Amino acid sequence: MDTILPIIAGAIFATGIYLLLRRSMILTIIGIILLSNSVNLALFTIGRISTENPPLIKAGSTEPLVPFANPLPQALILTAIVIGFGLLAFALALAYRSYRELGTVDQDELLRDAEDTSAAIVPKDENTKGGKA
Amino acid sequence: MNGLLVLPIAIPLFTATLALFFRKSSLLQRLIGVLGMVALLGSVLLLFRDVHNEGIQVLQLGNWAAPFGITLVADMLTMLMLGISAIMGVVVGIYSIYDIDRERERFGYYSLLHILLMGVNGSFLTGDIFNLYVWFEVMLIASFILLALGNSKNQLQGALKYVFINLFSSLVFLFGVAMLYGMTGTLNMADLALRLPEVENTGLVTTTAMIFMVSFGIKAAVFPLFFWLPASYHTPPVAISAIFGGLLTKVGVYALIRVFTLLFTQDTGYTHTILLWVGGFTMVIGVLGAASHMEFRKILSFHIVSQIGYMIMGLAFNTAMGIMGAIFYVLHNILAKSNLFLISGVAQRLLGTFELKKMGGLYRHYPVLAVLFLISAFALAGFPPLSGFWAKLSLVKAGLSIEQYVVTGVAILVGLLTLFSMTKIWLSAFWGKVPEDAPEDFGKTPLFGAGKLYILVIPVMIIAGLIIVIGLYAQPLLELCMTAAEQLVDPSDYIEAVLGPQ
């Protein structure tokens, strides 16, 4: 496992990079998903894989059975997965919104520079009136 | 153990939550938003007193002893960064009252601003490298939404570039964390500082250092990883541009300073030489990019890149003097840069555009604004007696003292080119003729009158005042920066504060 997992992680990473460089926004997002998974896998592998006792304390005892497996990498991965999930959900929503607004998923089209950026700013009226909406 | 350390994180969280309860009331949201920032500033000042009097303060969260739990550490660098971010929070909070429209307020603008600051403050305070990753993500998700909020075409385009590159940079960061954990079995930064020199495979340590350099380099927008910044920072409302341009890239710089003084000091001949080259190129390319643009905020965005180069250069010198200069430069630059963004917003309100070619007449009709611009622009270029002069002076001095003549020369030259871009803005927007298609009320709305423009101008005046005060009375701040730099160059105090006597 110690040799196979790093190779798999590397392969997934490479695939992710390839997809990231594609023009379609959807492929880019899939690329990010793959990258995220490969990094999690790398984190898991780097934490050393061992077949030892689970790091749990049995009822009535105060210490786990030694030697026990290192639980920390999994805690880290769990955090990273949750964070990655949130960010990806946002990226997907943004991609969908851009598609609706700009009518394409091709990034060459999407990112063509807009001319006058002032349009992004709200008009002058009604923005100092307080009170409820 | 000092419980105050948790306040710079807890206060923004509390304020953000509170503001969410009053989504429908603009008035209450604004009130909560600004008061929350003031409370944050107060808490930072209290903590600053402790750090100043008693040295590095530490809080072991959940009472788990280091290196097993998460540690919050406040040394002088942290405090200076926290202080400047709280000041920016107050100022941008006030500016937002006029600048941010009701629609964005309803969608939680103030909550997001506070969550952004929570992420920024958390990044400054944490003493755990994985926790730093988590705070970066908190900051990122808030910045993603702030950038995209409003859904205009420009903003979506800017946000797409920003989101993808930042997601990638976070993954690289996480991989670097994995490498560190694999080599040392610890994530506590003080503990890492002790264990990394013991790692036998020094090549792997240097590789990991480079992974961190790439990741933080993307966030700090250094050459050649900066392209996302000028492509996105000019798209959101000015208040958001200002806080992004002022603070977010500097968090990347802070992270670089932290890891390249505390963790990766084994092979400085390699890593810091690369940093030096990166710093030099960042300065030059950024300022040349600025010279080629004619849009107010794009020029400023390229200048962010250019100024980052100075900070990286100071770090690369790897002496107390150089790092002191870098820290001072960060503080000065946050003020000057954010202020220029804020001024660009006032100018846009008056003239209806950011395109320099369509601007003009500001000096004639709004001399106060012109003076405020001059102060910030000269500070940015490094004119005495403004804050930028002392920042550049200390960096140049640091460079000369270790005989880095070439890069120091480049730094001085880039200062001149900075002045050129600022002159360009001055010539067209301030001295130029009033454009024919200027809004009808141009020149008639007073800054301090019925139009309530003073809500925008007062924050600008506060920062301009700070720039002058720092310029004329630089010694206290220089001394604080020197304390911070000394703590960084010799991290034994930091390590002892976190882990106890060794």
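## Chain A: overall make-up

Of the contacts in chain A between residues at least 6 apart in sequence, 51% link residues at least 24 apart; two residues are in contact if their C-beta atoms, placed from the backbone, lie within 7 Å. This is a predicted model, in which local features need pLDDT of at least 70, side-chain atom pairs count only at pLDDT 80 or more, and totals for chains, interfaces and linings use all residues. Residues are numbered from 1 along each chain as its sequence is written, while chains are lettered from A and ligands numbered from 1 in the order in which they are written.

Chain A has 4 helices and 0 strands, in the order α-α-α-α from the N terminus. Helices (H or I, at least four residues) and strands (E, at least two) are DSSP runs, numbered from the N terminus. Of its 133 residues, 26% are buried. A residue is buried if 20 or more other C-beta atoms lie within 10 Å of its own, exposed if 12 or fewer, and partly exposed in between, with C-beta atoms placed from the backbone.

## Helix pair in chain A

Helices α2 (residues 25-46) and α3 (residues 72-102) of chain A have axes that come within 10 Å and cross at roughly 175°. Axes are lines fitted to C-alpha atoms, for helices over the stretch in contact, and angles run from 0 to 180 degrees between N-to-C directions. α2(A) and α3(A) are therefore roughly antiparallel to each other (angles under 35 degrees count as roughly parallel, over 145 as roughly antiparallel, 65 to 115 as roughly perpendicular and the rest as oblique).

Residues making the contact include A:Ile29, A:Ile33 and A:Phe44 of α2(A), and A:Leu76, A:Gly84 and A:Leu92 of α3(A). By class, this contact has 15 nonpolar, 3 polar and no charged residues. Ala, Val, Leu, Ile, Met, Phe, Trp, Tyr, Cys and Pro count as nonpolar, Asp, Glu, Lys and Arg as charged, and the others, Gly among them, as polar.

## Contact between the chains

Chain A gives 40 residues to the contact and chain B gives 47. On the side of chain A that touches chain B, α2 and α3 are the elements that give two or more residues, and α3(A) has the largest share, 13 residues. That side has 23 nonpolar, 12 polar and 5 charged residues.

## Core and a buried helix face

The largest nonpolar core has 228 residues, of which B:Leu80 and B:Ile327 touch the most other members. Such a core is a set of buried Ala, Val, Leu, Ile, Met, Phe, Trp, Tyr and Cys residues joined through C-beta atoms within 7 Å. Helix α14 (residues 320-351) of chain B gives the most to this core, 20 residues. Not counting residues up to four places away in sequence, B:Ile327 touches B:Leu77, B:Leu80, B:Cys481, B:Ala484 and B:Ala485.

In helix α21 (residues 492-499) of chain B, the buried residues are B:Tyr494, B:Ile495, B:Ala497 and B:Val498. Seen down the axis, they fall within an arc of 165°, so they line one face of the helix; the arc is that of the directions from the helix axis to the C-beta atoms.

## Backbone exceptions in chain B

Most residues other than glycine have a negative phi, and most peptide bonds are trans. B:Asn63 has a positive phi of about 60° and is exposed, with 8 other C-beta atoms within 10 Å. B:Asn318 also has a positive phi of about 60°, but is buried, with 22 C-beta neighbours inside 10 Å. A cis peptide bond joins B:Phe223 and B:Pro224, with omega about -5°.
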